[in-house]
Amino acid sequence: MHKPPASTGPYGLVCVVVAVVLQAVGNGLFDGRISSTDSFLISFLAFFSAAVIFNAVGALQRRGATAAHVALGHRGRRLLVQLNVATAVTFLCFYLSLSLMPSGAASFLEAGVGPLVIFALLAIPRHTNPAWRDLPAAALVFGLACVSAWRFYQDSAPGHTSALLAGSVLALVAGTSAGCIGLISRRLGEAQVAPVTVSAHRFHLTYIIALCVLATRTDQLGSPGHIGQLWLISLLTVTIPLFVLQIGLQRSDTFRAGMVMSCLPACTYLSASALGGEFDVPTMTLMVAAVAVPALFTMCTRRSRPAA
């Protein structure tokens with residue numbers, strides 16, 4: 001028997017907000033304090049840990065379940081494969097962009113294009129009637145992201161225009177793929193695939209890519225104590241927030257969730273400033289606007305449940 005889609009009530013959006021705040025605090029805490037190799041190591045540890053932990057949790061749930069276990073089904077498997085690819089593309093393109101441009105600029109471009117991508121993906125099917133009121137809000141968020149990215153461009157050395165252009169393209173590709181993640185996650189919720197199952201299988205391709213990169217940097221991994229410390233950090237700042245985010249994405253309106261997620265770079269800047277980072281009044285004003293626009297849009301709009 002077909003089950004109704006997951007609810008689009010406030011619980012899902014609250015999970016997205018909590019995940020964004022947790023990630024922003026973690027990003028702000030370690031901004032400028034870890035190397036590129038540490039970033040890949042944290043990603044590998046977080047994604048591999050997610051696969052191990054949530055596969056174990058899923059096995060325990062199936063063993064102790066009193067109700068009949070719902071099979072994943074062909075649609076669920078296909079969506080999980082798509083989510084693996086989208087996650088890996090997001091990860092790879094974003095980290096490549098970080099090697100070509102300032103991290104703040106890459107983060108804003110990746111997050112800022114998300115709402116526009118989600119709007120376009122929701123408007124593509126011919127049988128749907130897109131919510132055109134969303135387009136100005138998405139365009140404004142993207143505009144603020146571009147202005148914010150331009151502020152961070154000033155940190156790059158002169159004469160690297162080609163690198164900045166290539167990095168910008170990669171960051172936009174990562175953001176486009178991230179928008180796809182939101183839509184695929186919503187469809188997984190409609191297919192009744194549990195967030196635990198998604199988190200158990202979402203990152204296989206991504207941690208394999210991270211491991212391949214680390215295999216070329218074995219001399220930069222550090223001591224076992226350093227790796228253990230990064231593992232704890234990865235659990236708190238990546239694994240747990242991404243699981244909470246997965247719950248939220250499967251239970252909330254995709255566009256509104258994308259608007260909330262677009263706040264992450266600005267929240268990271270605010271977090272880093274509060275924890276002793278550089279403080280700049282014009283940039284801080286821009287960051288507040290980059291948070292306020294999506295926040296006000298999300299609070300002032302209401303959605304009916306989308307058609308199945």
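**Confidence and contacts**

Analyst: In the protein, confidence is highest in helix H9, at a mean of 91, and lowest in helix H13 (residues 281-300), at 74. That confidence is pLDDT, the predictor's own value for each residue, from 0 to 100. Helices here are DSSP runs (H or I, at least four residues), numbered from the N terminus. This is a predicted model, so local features need pLDDT of at least 70 and side-chain atom pairs count only at pLDDT 80 or more, while totals for chains, interfaces and linings use all residues. Residues are numbered from 1 along each chain as its sequence is written, and side-chain values use heavy atoms, with hydrogens and water left out.

User: What is the mean pLDDT of the protein?
Analyst: The mean is 79, and 85% of the residues reach 70 or more.

User: And where does pLDDT stay under 50?
Analyst: Over residues 1-6, for which the model has twelve contacts beyond four places in sequence (contact: heavy atoms within 4.5 Å). Over residues 304-308 the pLDDT is also below 50, and that stretch has four contacts beyond near neighbours in sequence.

User: New topic: how many salt bridges does a search of the whole structure find?
Analyst: Two. A salt bridge here is a side-chain nitrogen of Lys or Arg within 4 Å of a carboxyl oxygen of Asp or Glu. One joins the side chains of Glu190 and Arg75, at 3.9 Å from N to O. Glu190 lies in helix H7 and Arg75 in helix H3, so this pair ties together parts that are 115 residues apart in sequence.

User: Are Glu190 and Arg186 buried or exposed?
Analyst: Both are buried, meaning under 20% relative accessible area; exposed is over 50% and partly exposed is in between (1.4 Å probe, protein chains only). Arg75 is partly exposed, with a relative accessible area of 35%.

User: What about Arg202, where is that?
Analyst: Arg202 sits in the loop between helix H8 (195-201) and helix H9 (204-215). Arg202 is buried yet has no salt bridge, and the nearest side chain of opposite charge, Glu110, is 9.1 Å away. For charge, Lys and Arg count as positive and Asp and Glu as negative; His and the chain ends are not counted.

User: Which side chains does Arg202 make polar contacts with, then?
Analyst: Its side chain meets that of Thr87 at 3.0 Å and that of Gln246 at 3.1 Å. A polar contact is a pair of N or O atoms within 3.5 Å; within protein, one must be able to donate a hydrogen and the other to accept it, and residues adjacent in sequence count only if both atoms are side-chain atoms.

User: Last one: how many aromatic pairs are there?
Analyst: Ten, counting rings of Phe, Tyr and Trp (its six-membered ring) with centres within 6.5 Å; planes under 30 degrees apart are stacked, over 60 edge-to-face and the rest tilted. The rings of Phe40 and Phe91 have centres 5.7 Å apart and planes at 85°, so that pair is edge-to-face. Phe40 is in helix H2 and Phe91 in helix H3, 51 residues apart. Both are buried.

Methods: Helices (H or I, at least four residues) and strands (E, at least two) are DSSP runs, numbered from the N terminus.
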